[in-house]
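Me: I would like to go through the labels attached to this model and see what each one rests on.

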Amino acid sequence: MYLRHGMLGMAELAEYARGRLRGRDLAEFLRQLTWREYFLRVLAQEGGRVLENLEPPKSAVRWSDELPGDVREGRIGLPCADAWVRHLVRDGWMHNHERLWFAAYLVHWRRVDWRAGYRFFREHLLDGDLASNALSWQWVAGTFSAKPYFMNQQNIEKYSAGRWCKGCTADCPFMGEYAELEHRLFGGPLPERP
Amino acid sequence: MNAGVWMHGDSLSPTDPALLGVPEAPALFVFDRPFLQAVPVSFPRLAFMYQGVRDVAAVRPVELAVGDIGAELAAFAARRGLEELHVTRNFTPTWEETLDAFCARCPQVTVLVYEPELLTRYPGRVRRFFGFWKKVEREVLRGNALFGERAGPLRYRPGPPAR
């Protein structure tokens with residue numbers, strides 16, 4: 001959020017990292033930071049078009065326009081997804097993995113247009129940003145990527161250290177292998193990446 | 001030259017290039033009322049931005065306004081007798097519209113635009129991140145862009161009037 005509002009500069013942060021990190025840690029940090037510049041450059045190229053699908057969706061699934069009430073209120077009934085909404089609304093901040101998981105849940109499982117999610121993020125995130133947010137939502141939705149992004153329960157459990165999965169009794173919609181979920185969510189295999 | 005700075009939502013730091021360009025000049029930050037009336041933005045987010053404005057105001061003169069940005073900039077220019085308005089480039093599409101509106105109101109004021117700090121000097125178009133990363137990886141990892149000469153501000157040329 002400090003980057004978003006210019007309180008920290010990208011070059012300033014990169015220079016700081018170069019003085020503190022080494023090897024793969026430094027390379028990965030700088031690669032992640034470069035995503036922000038990439039999104040800014042796409043915004044400079046495309047202008048207001050970043051709020052339209054930049055590419056056709058990669059499946060024939062239809063999306064609804066409105067954010068469902070249970071999602072807005074964090075009453076989904078899934079401990080993980082409700083925690084993601086709580087972090088967004090209460091703290092104005094979500095971990096990057098949570099942003100991706102929430103976006104995938106909303107677009108692919110709930111079949112809501114990515115723009116409804118983008119507006120929800122813009123309202124609450126302290127670092128809400130046209131370039132990074134709109135284009136990340138499009139990346140998840142598959143309108144600015146070769147393939148939509150989605151995850152499964154194993155991925156959530158692994159990268160959250162089992163925070164929500166241990167002891168969870170909900171009927172988990174994320175359970176399954178990727179091929180199985182791909183069929184369930186998109187009606188068949190997605191196009192291969194070029 | 002009597003100069004002022006437009007601080008926008010991407011430039012809330014005393015080290016913003018436009019603020020550094022004219023260190024003694026007063027700055028203006030405007031909460032965009034028409035935008036905020038049309039788009040819900042949570043109070044904590046507005047408070048966070050306000051804190052950023054206060055941090056800059058702790059080290060130099062800053063005015064804060066709520067209203068239409070173009071109109072508030074014009075009023076700021078009149079109040080301060082500005083001959084130059086300095087601003088750091090913002091990639092949001094409405095940024096140019098705002099400057100065009102200001103230039104239409106205050107054609108006597110020269111607008112000078114500073115480039116924001118970026119990691120690379122890559123001049124081409126971008127498509128997928130992976131391709132972009134392959135082109136800029138070496139420059140980003142080495143940090144060459146950090147040590148080059150910073151270009152001076154460029155004079156802003158307003159676009160054609162909207163029909």
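This is a predicted model: local features need pLDDT of at least 70, side-chain atom pairs count only at pLDDT 80 or more; totals for chains, interfaces and linings use all residues.

Reply: Residues are numbered from 1 along each chain as its sequence is written, and chains are lettered from A in the order in which they are written.

Me: Why is A:R111 called exposed?

Reply: A residue is exposed if 12 or fewer other C-beta atoms, placed from the backbone, lie within 10 Å of its own, buried if 20 or more do, and partly exposed in between. A:R111 has 12 C-beta neighbours inside 10 Å, so it counts as exposed.

Me: Why does A:A161 count as exposed?

Reply: Because A:A161 has 9 C-beta neighbours inside 10 Å.

Me: What is the phi of A:R111?

Reply: A:R111 is not a glycine, yet its phi is positive, about 60°. Most residues other than glycine have a negative phi. A:R111 lies in the loop between α5 (96–109) and α6 of chain A. A:A161 also has a positive phi, near 55°, and sits in the loop between α8 (153–159) and α9 (178–186) of chain A.

Me: What makes β3 (62–67) and β6 (154–155) of chain B edge strands?

Reply: Two strands pair if DSSP finds at least two bridges between them. β3 and β6 of chain B each pair on one side only, in an open sheet with the order β3-β2-β1-β4-β5-β6. Two bridges join β5 (residues 110–114) of chain B to β6(B).

Terms used. Helices (H or I, at least four residues) and strands (E, at least two) are DSSP runs, numbered from the N terminus.
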